[in-house]
Structures are given as C-alpha cells and as structure tokens.
Amino acid sequence: MVDRIAEIWGTRTPYPRDGLWPVRVDQALAEGVTEADIDRWVQSACVLCSNGCACDIAVKDGAMVGIRGRAGDLVNHGRLGPKGLFASWQGMSHPDRLTRPLIRENGELVECDWDTAMNRITERSRELLRTRGPLSHGFYTSGQLFIEEYYALAIIGKAGIGTPHMDGNTRLCTATAAAAMKESFGADGQPGSYTDIDSCDAIFLYGHNMAETQTVLWSRVLDRIEGPDRPKVVCVDPRDTEVARHADVHLAVRPGTNMALMNALIHEVLANGWWDEEYVQAHTTGLDQLKATVAAWTPEKAAGICDVGADDIREAARIFGTSARVLSTVLQGFYQSAQATASSCQVNNLHLLRGLLGRPGCGILQMNGQPTAQNNRECGADGDLPGFRNWENPNHVQELADLWDVDPLTIPHWAPPTHAMQIFRYAEQGSIEFLWISATNPAVSMPDLSRIRRILEKPELFVVVQDLYLTETAQVADVVLPAAGWGEKTGTFTNVNRTVHLSDKAVDPPGEAHTDLDIFLDYSKRMGFTNLSGAPLLSWSGPEDGFRAWQECSRGRPCDYTGISYDRLRGGSGIQWPCNEENPDGRERLYEDGVFATDPDYCESYGHDLLTGATVGSEAFRATVPAGRAILKTADYSPPHEEPDSDYPMRYTTGRTAYHFHTRTKTGRSRPLRQAAPSAWVELSPNDAQRLGIQEGDLVRVTSRRGKIEVPVRISDIRDNTVFAPFHYGYWDAGGSPGAHPTAANELTLTEWDPVSKQPVFKNAAVKVEKIGDASGPAPAPTTTASRPVAAARNRMRPTVGGSDAHATEQVDAAPPPHFPEAIKPGASGAAFSGARQGQEGRP
Ligand SMILES: Nc1nc2c(c(=O)[nH]1)N[C@H]1C(S)=C(S)[C@@H](COP(=O)(O)OP(=O)(O)OC[C@H]3O[C@@H](n4cnc5c(=O)[nH]c(N)nc54)[C@H](O)[C@@H]3O)O[C@H]1N2
Ligand SMILES: Nc1nc2c(c(=O)[nH]1)N[C@H]1C(S)=C(S)[C@@H](COP(=O)(O)OP(=O)(O)OC[C@H]3O[C@@H](n4cnc5c(=O)[nH]c(N)nc54)[C@H](O)[C@@H]3O)O[C@H]1N2
Ligand code: SF4
Ligand SMILES: [Mo]
C-alpha cells in the first residue's frame with residue numbers, strides 16, 4: 001500500500017537515456033473492495049488533465065469502485081496520479097449529482113421533465129432566431145467533452161444556426177498553444193511526443209508546473225533525473241515549484257516579463273553561433289527580422305526587466321544552445337501572461353534556430369491543460385473551422401459545406417470566430433440573448449468575477465447550463481440540464497501527445513441524466529435543422545456514428561483520424577494522429593522532414609502581427625511565406641498593462657495545486673483530495689510577510705481594482721513582491737455566494753486578453769495586501785508542493801494529510817506486456833533514434 005496523497009509521484013523507476021520507461025501499474029480501489037470483488041474492468045482514459053493517462057474503471061454492482069492504469073498504453077505505462085486515482089471515479093459517484101432537469105420558475109430553480117426543459121430552450125431559441133437572427137445565440141463549451149460531442153455542437157452552431165459566437169473554456173486554457181503553432185508552423189498540432197522525455201539531454205519548462213499539473217508526465221521526467229545521463233532542467237517560474245527544485249537553472253521571472261527573457265535567450269543562441277544555419281536556410285523564413293528584434297536584448301537588459309541574474313540567463317541559453325537534444329514544454333505561465341502568443345512563438349523559434357524538431361528528444365510541447373481541449377480545437381466547437389480549416393480560405397469553407405450538404409454562406413466565415421471574452425461582452429451589451437454553457441463553470445473560472453456574475457444574472461439573458469453538478473454557474477441559469485459524465489458515456493478524446501483514446505461506458509448515469517451528445521442531438525432534432533436535401537442535419541444514432549462523421553471531416557487534414565476506429569482503440573494502446581494510409585499506426589512526431597503546414601492552400605491560418613493581433617491576410621501571406629517553411633515570428637517586449645503602483649504595489653498571479661482540478665466539482669467531492677487542500681490561501685515571500693507584519697496563517701485581504709479576497713497566508717518560497725492565489729476555491733461548498741470572505745482568485749483578475757490568441761491574462765495584475773486577522777494555525781495549503789512553507793516553518797507544521805478512503809497500490813513490471821505498442825518497445829525506440837542521428841550528420 002502506498003500513500004499516493006503524500007507521495008504524489010509514487011515510487012521512482014529510474015531509466016537511462018533512450019531506454020524504455022518502465023511499466024508501473026497504479027491502482028486504487030474503494031475501502032473494503034478487493035480485486036476479486038470487481039465485476040468488470042472497463043477501458044477508458046483519465047479526464048482530469050491533458051496528460052490523458054489510459055486506465056480501466058473497476059465496476060462492481062453497477063457502480064464505479066476504483067481505477068487502474070493501463071500497462072500497455074504509450075502514454076502512461078500504467079501510472080496514474082492522485083487526481084486520476086481518487087477523483088476520477090469518486091468525483092462522479094457523489095450524491096450531489098444532478099439527476100433531473102431544472103427550470104427557473106418565479107426566480108427559483110425547480111425540477112421538471114426533459115420535455116419541459118427542452119421545450120423551454122427550443123421555444124426561446126426559435127423566437128430569437130425569428131426576431132433577432134443567428135447572432136442572438138452564443139455557445140460556450142469546454143475542454144472536457146468528447147470528440148463526437150464537440151463535432152455535433154460545431155455542426156449545430158455553424159450549419160444549423162449559423163452563429164460565429166461559439167467558443168470554449170479552451171480560450172482560457174490552450175488558445176495560445178493553438179495560436180503559437182498556427183503562427184510558427186501553419187497549423188495546430190504538437191510537433192513533439194512524450195517519448196522525447198526518454199531521449200532528451202535537456203528539458204525546458206516555460207511557465208509550466210508539470211510536477212503538479214501533469215503528475216504522471218513529471219514522474220517520467222523524475223525517472224530520467226534519477227537515472228544515468230540525467231537531463232539538464234531549466235525552469236521559468238516565479239515560484240519555487242517542485243520543477244524549480246529539480247532545475248539546474250531556475251529563472252524566477254517577474255510575472256508578465258516572459259517576452260524579455262525569451263528575446264535574450266534567442267539573442268544568446270544567435271550571438272554564440274549555436275544555431276543551425278543550414279536548417280534555418282532550408283526550412284524557415286523570417287530570420288532577418290528575428291535578428292533585428294533581439295539585437296538589443298542582451299542578458300543584462302532582460303535581467304533588469306525580469307529581475308533574474310544575467311548569468312543565469314546566459315547559463316540557460318548555453319544549455320539550450322549546446323545540448324544535443326532539447327525538449328521544451330510551455331503552459332499557463334506563458335499562455336495566461338503578458339504577450340502570450342509572442343512569448344510562446346519564441347520557444348518555437350529557439351527550436352527552429354537549432355533544427356531541434358521532429359527527432360527523438362527534440363520536441364516542443366505547447367501543452368494543453370484540459371483532457372480534451374485538443375478536440376474542441378480540432379472539431380471547431382471553439383469557433384474555428386473543423387479539421388484545422390482556415391476561415392479565411394473559401395475552399396475550406398466549401399469543403400465543410402459539401403460535407404454537411406449546406407449552403408457555404410450559412411457557415412460563418414466573414415470575420416474571425418467570436419472569442420469567449422467577446423461572447424460575454426455581447427451578452428453584457430445585450431446582442432447575445434441566448435447563451436448555452438456546457439461543461440464549464442465561468443462564474444468561478446473567468447476573470448473579473450463580479451462582472452461575470454452581473455452578466456450571467458441579467459434577466460434578459462437566457463442561460464442554459466449543462467453540467468454534472470449544481471455549480472455556481474448552474475445556480476444562476478434559466479435551465480439546468482443534468483449531464484452524464486466520464487464512465488457513464490462512450491466517446492473518444494485526444495491528449496496533448498496527439499494520442500486518441502476510447503472511453504467506454506462503464507455504468508449508467510444517475511437518475512435522468514443524459515449524455516451531452518444525446519442532448520445536442522435532441523436539440524437539433526427538436527429545432528428541425530435540415531440540410532439542403534431536406535434530411536436531418538444530424539442523424540447520428542450514437543457516438544460511433546459521430547466518430548465516423550468526424551473521420552470524414554478530418555480526412556486529408558493535419559489531424560487525420562481516418563485510420564482510427566473504435567475497434568482499433570479497444571484492447572490496446574491509444575493511437576497518435578495523424579493515422580491514415582500513410583501513417584497506418586499513427587505518427588509519433590510531426591515535421592520530421594522539415595516541411596511545415598504553411599502551404600497557403602492547406603494552412604489553418606495566415607497568421608497575425610504578434611504585437612497588435614492584426615491579421616496578415618491571404619495576399620500578404622502568399623507573397624511572403626514560401627510554402628512549407630516555418631515562420632520565425634517575433635515581436636519586441638512590451639510591459640504588462642497593469643503594473644504595480646503606489647495604490648496596488650504588488651504583482652498578483654494565480655494557478656493550481658496538485659490536489660484540485662479547477663473549480664473542484666470532482667476533486668472537492670473526493671475525500672482524500674479535499675482533505676489535502678481543504679480551503680483557499682495566498683502565498684507571500686518571507687520578506688514581504690515581514691514587511692507587512694504578517695505571520696503564517698494570518699488572515700489577509702488582497703485587493704485589486706476589481707475586487708477582493710480574504711484568505712489565510714502561506715509564507716512560501718515565492719519571489720518577493722509577488723502574491724500567488726490558487727483559483728480552485730469558488731462558493732458551491734460555501735453557501736453558493738462570495739459571502740463575507742470571498743475566496744475566488746478571479747475576483748481580482750482583469751478583463752484583458754492576448755491580442756493574437758485572445759486568451760485572458762490570469763497571471764498578472766496589481767494588488768495590495770493587508771492583514772485583517774491573526775492566525776489560528778498554519779494556512780490550509782499543501783506542504784508537499786509549490787505551496788510548501790519556507791524552510792524555517794516547515795518542521796513546525798503537520799505534513800499534508802495523507803491517507804485515504806481508498807487503497808492505492810503500485811506494481812512495477814520489468815517486461816512490457818504483450819500488447820505494448822511496437823513504437824515504444826526498447827529496441828524500436830533505440831533503432832528510431834540511431835536512424836535519426838545519422839540523418840543529423842553535418843549539423844553543428
Ligand atoms: N492538479 C491540477 N492539474 C491540472 C489542472 C488543475 O486544475 N489541477 N488543470 C489542467 C489544466 S486545464 C491546465 S491549463 C494545466 C495548467 O498547468 P500549469 O500551467 O502548469 O499550471 P498553473 O499553476 O496555472 O501555472 C503554471 C505556473 O505558472 C507560473 N507563473 C505565473 N505567472 C507567470 C509568469 O508571468 N511567467 C512565468 N514564466 N510563469 C508564471 C505559476 O507560478 C505556476 O507555477 O493544468 C492541468 N492539470
Ligand atoms: N485565475 C485563474 N483562472 C483560471 C485559470 C488560472 O490559471 N487562473 N485557468 C483557466 C483554465 S486553463 C481553465 S481550463 C479554466 C477551467 O475552468 P472551468 O471549465 O470553469 O473549470 P471546471 O471546474 O473544470 O469546470 C468544468 C465543469 O464541467 C463539468 N463537467 C465535467 N464533465 C462533464 C461532462 O462530461 N459533461 C458536462 N455537461 N459537464 C461536465 C464539471 O462538473 C464542471 O462544472 O479556468 C481558467 N481560469
Ligand atoms: S496525470 Fe492527468 S491524466 Fe494522468 S492520472 Fe493524473 S490527472 Fe489523470
Ligand atoms: Mo486549462
């Protein structure tokens with residue numbers, strides 16, 4: 001038995017470079033349940049982060065009673081992290097689940113049957129379409145549904161209604177990942193693969209606390225770190241995270257200054273001749289402009305802006321410039337900070353300059369966060385066109401019109417799709433009067449919450465919420481639809497590694513809950529949406545029909561699913577897209593040949609100016625970008641818009657802890673996870689605490705121009721003059737409203753977004769901190785993570801609560817099981833690597 005709350009990453013299984021990451025099967029079963037009691041194991045993958053760990057769900061007497069990792073899957077080799085082990089099934093089995101639809105009557109939500117709820121929706125929808133047209137409708141979805149569900153929603157929105165106002169919380173999450181890859185490579189799609197961890201000599205983590213947010217991927221890194229040929233680690237993060245603690249260089253930048261640092265790193269790589277001229281000449285465009293932009297960015301200049309040591313910047317650049325194989329990962333410390341897309345593109349540029357792409361150990365992971373964010377981007381329920389098609393390319397629009405048998409003019413493409421923040425703005429101004437929210441909780445997760453609450457509560461706005469629970473958002477809806485969730489429905493989804501998994505239905509949903517797919521199909525049918533031949537627009541009988549339809553849509557596009565089927569996904573490992581005739585077993589890496597997706601007839605976007613967000617347009621793109629070349633996009637540094645001043649002297653940033661997922665609807669309902677991080681806190685540095693007369697655990701008020709939170713202080717190893725708040729703590733378990741002591745980090749954040757990706761800026765704002773009460777004990781923050789107390793306090797405190805109401809086990813296996821994918825068997829990976837190395841000869 002292992003305590004997987006205290007031991008987040010489990011036991012080490014070290015391995016050498018180019019070796020096989022050993023198999024270790026992690027399992028958790030409900031208290032009192034043994035393996036002999038299990039009726040069946042049902043194949044799935046975890047939906048509590050973008051890592052996409054393959055698993056089997058334990059079913060007993062029609063209920064989920066546990067989980068185990070799938071040994072033979074290329075993603076996790078059997079491992080699961082704390083959220084997967086405990087929250088996945090416990091979070092779904094809670095008595096709080098919604099079991100019947102609710103409608104608002106005289107101000108109160110009351111239970112009703114499905115006909116009543118759906119009629120209320122379709123009546124309003126029809127009335128608005130008749131009187132106000134399609135632009136009255138907005139859809140705000142998720143990064144947590146399945147491919148089939150997003151694709152249905154995309155067709156309804158684009159071909160049934162014809163509204164450009166569709167987006168998802170993917171805008172808050174990985175819009176920048178998509179944008180950075182479109183700008184640099186011409187289309188979304190990760191160039192790298194998780195196996196790059198096995199082969200790299202250095203790994204750079206840019207604003208990515210992988211240790212807490214992709215715990216299984218971090219186990220893989222830790223196992224390399226503890227094995228022979230340890231890779232160098234460079235961490236860019238203002239906090240002393242677990243990643244920083246293992247780093248050779250920790251660049252604890254001032255929040256909001258990533259771009260200055262990136263320009264200096266590129267400056268150094270160019271100045272020291274650490275770049276591959278041959279590769280750059282053959283496969284990229286834009287070098288001259290990049291050189292000109294970074295010319296002034298010496299390490300000293302960046303050091304002053306970022307408040308890090310110039311020598312540390314030099315050392316980081318040296319590691320990047322001189323390691324044979326480098327893997328980079330980028331996440332919210334870049335995507336949600338100032339100049340998000342520009343900074344993330346500079347990571348791509350570093351790799352392009354050295355030709356470190358498409359070879360083992362040389363990946364870029366512009367990470368995703370949510371389990372199925374990738375699919376929302378692929379299917380276009382986020383407003384983009386399905387199959388990474390380009391809304392500015394009339395041929396792409398025509399392809400979709402042919403596929404759906406609709407008039408191309410129905411499909412909105414006269415302007416860019418409306419991004420989430422603009423959808424809420426239209427709702428605020430009154431032009432959107434119908435907002436359908438599925439699988440997301442904006443009343444906690446969007447910035448500037450008092451404004452978001454005001455919008456959602458507007459009487460003229462008709463709000464539909466489709467969720468598992470009565471969330472803060474559902475509480476203000478006009479209609480609440482009870483959804484079936486993970487383990488209660490069948491469908492597919494794709495992780496950040498481009499690996500597609502099937503999740504089979506294991507148990508029945510509670511009460512009258514329906515799957516999201518059934519709800520969307522039902523709406524389409526009731527609305528009578530038809531194609532040009534007069535047939536129903538959506539006539540799928542279930543998810544597998546939806547998958548087949550999606551395969552056709554993906555044919556010939558970068559995310560080609562035509563070689564994948566439910567049958568192929570059952571029993572074995574997940575499969576990486578593209579999977580088609582050319583790549584029958586899927587493809588491990590993209591751009592091995594240095595040919596990028598920038599052919600103007602093929603690309604997903606013609607790109608933007610990184611500083612202003614202005615679109616480049618077809619003509620300029622065709623004139624300036626040779627087809628197939630990657631683009632070295634660049635911009636100068638510009639400071640964050642809200643900087644500290646005398647009223648609000650400190651920088652505020654927000655993020656996550658290992659034990660909770662977002663607004664805690666699942667993790668808050670899993671006892672071990674809830675106990676590990678029971679309530680909100682903020683982190684301050686020892687110097688700041690001393691200056692403000694604050695002790696560990698004291699209650700403080702943190703105020704910005706938009707609002708306040710009142711929470712206890714953890715004195716941690718965060719950089720000075722910086723305040724960090726976890727954003728998990730809304731109000732569903734605290735009476736439903738902010739009350740006397742608000743805790744949601746987004747009370748303080750601002751209404752601002754990146755000009756290119758339109759991703760909101762959650763990671764920097766100006767705040768002031770004042771003490772309002774004495775400590776009654778240490779802050780309720782975990783002691784095993786970035787929030788651990790500073791050294792002096794550590795041994796005086798209780799450790800993060802271990803123990804659980806489920807028992808976890810780990811089983812290490814020396815030999816891979818029989819169905820282990822060929823690609824990741826030791827021989828295969830070694831062979832692939834030596835082949836690639838030969839191809840590399842002649843490079844500097
Ligand atoms: N346990 C857990 N895991 C999760 C999730 C979860 O809620 N809980 N959510 C999933 C999702 S959807 C996502 S998107 C990912 C997010 O995963 P991450 O991006 O790793 O998580 P965050 O904590 O949001 O931010 C990462 C780091 O950015 C740092 N940071 C803040 N400001 C800046 C800055 O200006 N520059 C730099 N360089 N760094 C900065 C923070 O200190 C923080 O440690 O996690 C996924 N996995
Ligand atoms: N300050 C700050 N704010 C942030 C961030 C940050 O770092 N700092 N990060 C941002 C990021 S990256 C993200 S991804 C967002 C996340 O923000 P949200 O999307 O609001 O967070 P969740 O709590 O995951 O909400 C998902 C909802 O979907 C429901 N759900 C789960 N599965 C299903 C299903 O199968 N069907 C249906 N219908 N419902 C389902 C859950 O019960 C839950 O209510 O927050 C963003 N907000
Ligand atoms: S790393 Fe992510 S996908 Fe894997 S078990 Fe943990 S939460 Fe689930
Ligand atoms: Mo996210």
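Biologist: What makes the pair formed by a nitrogen atom of ligand 1 and a polar backbone atom of Glu212 a polar contact?

Modeller: A polar contact is a pair of N or O atoms within 3.5 Å. In this predicted model, the Glu212 pair is 3.1 Å apart. So the pair counts as a polar contact. A backbone N or O atom of Gly256 lies 2.9 Å from an oxygen atom of ligand 1. A polar side-chain atom of Arg656 lies 2.7 Å from an oxygen atom of the ligand.

Biologist: Which residues come nearest to ligand 1?

Modeller: Thr213, Asp237, Gln332, Arg656 and His660, out of 34 around ligand 1. A residue is near if one of its heavy atoms lies within 4 Å.

Biologist: What makes the shell around ligand 1 count 18 polar residues?

Modeller: Ala, Val, Leu, Ile, Met, Phe, Trp, Tyr, Cys and Pro count as nonpolar, Asp, Glu, Lys and Arg as charged, and the others, Gly among them, as polar. The shell also has 10 nonpolar and 6 charged residues.

Biologist: Why is ligand 1 said to lie between domain 3 and domain 4?

Modeller: Domain 3 (175-367 + 597-631) and domain 4 (650-782) both give residues to the shell around ligand 1, so the ligand lies between them. The bounds come from an automatic or database domain assignment.

Biologist: How are the parts numbered, and what limits apply?

Modeller: Residues are numbered from 1 along each chain as written, chains are lettered from A and ligands numbered from 1 in written order. Local features need pLDDT of at least 70, side-chain atom pairs pLDDT 80 or more, totals for chains, interfaces and linings use all residues, and side-chain values use heavy atoms, without hydrogens and water.

Conventions:
A polar contact is a pair of N or O atoms within 3.5 Å; within protein, one must be able to donate a hydrogen and the other to accept it, and residues adjacent in sequence count only if both atoms are side-chain atoms.
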